[in-house]
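Subject: Structure handover

Hello,

Here is the structure I promised to pass on. Please open it first, then read my notes below.

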Amino acid sequence: MADARRTQPSSSRNFEKKFAGTVSPTLLNRGGTHGTSDTSKKPPGCGSAQRIAGMRGAVEQNTEGLMGLMYAAIDKLARSMKPPKGPHTPHFVETMRPADITPEVHALAWRAAEKQYAHRGSTTVYLDELELDTARFIITAMVRRYFEDKNPPGVTHGPGGLSWPALLELQNNEVLHIRSRPYMLDSHLRIYGFLRKALTSTVLQPYVETSETVRAILARDQGNVFGLWDMATTGDSEMLGWSMYLSGSYFNHDCSPNVRKERVKQALCFRTTRDVEAGEELCINYIDVTDPVATRRKELSRNWYFECACKRCHEELGIEPVVDTPPPNGHLAGEAEVLS
Ligand SMILES: [Zn+2]
């Protein structure tokens with residue numbers, strides 16, 4: 001496939017079963033304390049507000065510390081949430097035909113949400129557990145962006161060297177996703193409303209004053225995250241959560257992949273499965289490639305929004321394959337790259 005930014009993804013029939021059309025990628029700590037250090041606890045023997053402010057300032061100076069503070073802000077607000085009374089009122093987009101959900105209509109909905117949640121005293125938005133996980137995922141990306149914005153260019157930011165520009169380079173599936181699942185827009189808008197309130201008066205407040213950052217992250221969530229499964233060797237494997245590995249997200253799909261991915265603790269390892277010609281594209285599989293061609297194409301179209309143009313699909317459909325211009329370097333079987 002020519003578009004190197006086409007996507008990335010978890011295998012996921014079970015994904016659909018378990019999470020019914022939601023798209024929240026989470027980190028490995030889903031369902032647990034969600035944090036790193038519990039910075040919400042006051043230090044023992046600390047009676048001075050000034051000293052607390054000083055310690056808080058120090059905690060904000062590193063990624064782990066700031067994430068802990070921000071997760072605590074989410075947890076604090078979540079405790080004040082009250083479940084909505086009565087049935088869900090459909091957002092106007094949910095009542096539209098998919099073809100009528102254009103980028104303009106979508107942008108209009110977000111602008112309305114920005115106005116709605118601009119008031120400091122607005123009621124706390126209710127989020128379910130999966131939406132709270134999505135909020136935490138967004139916070140993780142925001143914190144990394146915050147340190148990138150703060151530090152001079154060229155600084156490496158933790159494992160994988162995540163960079164905000166690299167995230168923006170991933171395929172934007174925003175409108176395609178909402179067109180296929182209109183009910184998700186309401187969820188996304190509420191997550192924004194929740195974050196806007198939770199991050200008031202924090203160093204991340206500038207990132208929620210408009211919806212731009214939240215939208216940018218959500219737009220790359222669907223189709224660009226990897227499912228994280230338990231390490232069971234027999235029986236059904238359970239999905240533990242999702243995570244985004246930026247470099248790994250650049251692998252395209254092929255129904256006859258030459259690379260397989262393996263999880264090694266919290267890292268993903270990509271290993272070639274056969275000798276690869278210099279210039280041949282390295283591809284993984286997003287779906288179960290033992291499925292028949294029609295099933296594979298339907299699933300790719302539904303969850304990754306593209307028509308597979310791989311050689312195997314073309315052969316099985318009796319269509320002449322399209323030859324892509326190859327990239328410059330080859331890899332030998334067994335060569336691996338580890339992302340963490
Ligand atoms: Zn294919």
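A search of the whole structure turns up zero disulfides (a disulfide is a pair of cysteine sulfur atoms within 2.5 Å). Two cysteines are worth a look here. C308 is buried, at 2% relative accessibility. C313 is buried too, with a relative accessible area of 0%. On the terms: buried means under 20% relative accessible area, exposed means over 50%, and partly exposed lies in between, using a 1.4 Å probe and protein chains only.

Some ground rules. This is a predicted model, in which local features need pLDDT of at least 70, side-chain atom pairs count only at pLDDT 80 or more, and totals for chains, interfaces and linings use all residues. Residues are numbered from 1 along each chain as its sequence is written, and side-chain values use heavy atoms, with hydrogens and water left out.

Next, a helix pair. Helices here are DSSP runs (H or I, at least four residues), numbered from the N terminus. Helix α5 covers residues 129–150 and helix α9 covers residues 212–221. Their axes come within 10 Å and cross at roughly 115°. Axes are lines fitted to C-alpha atoms, for helices over the stretch in contact, and angles run from 0 to 180 degrees between N-to-C directions. α5 and α9 are therefore roughly perpendicular to each other (65 to 115 degrees). From α5, the contact is made by T134, F137, I138, A141, M142 and R145. From α9, T213, V214, I217 and L218 take part. Contact means heavy atoms within 4.5 Å. The contact residues divide into seven nonpolar, two polar and one charged. Nonpolar covers Ala, Val, Leu, Ile, Met, Phe, Trp, Tyr, Cys and Pro; charged covers Asp, Glu, Lys and Arg; the others, Gly among them, are polar.

E148 also sits in α5. E148 counts as buried, at 13% relative accessibility. Its C-alpha atom is 7.3 Å from that of S163, 15 residues apart along the chain.

Now H106. This residue is in helix α4 (residues 103–116). H106 is buried, at 2% relative accessibility. Leaving aside neighbours within four places in sequence, H106 is in contact with E174, V175, I178, L185 and R215.

Last, L317. This residue belongs to helix α11 (residues 311–317). L317 is partly exposed, with a relative accessible area of 38%. L317 touches V293 and R297, not counting residues up to four places away in sequence.

Best wishes

Note on methods: Helices (H or I, at least four residues) and strands (E, at least two) are DSSP runs, numbered from the N terminus. Angles under 35 degrees count as roughly parallel, over 145 as roughly antiparallel, 65 to 115 as roughly perpendicular and the rest as oblique.
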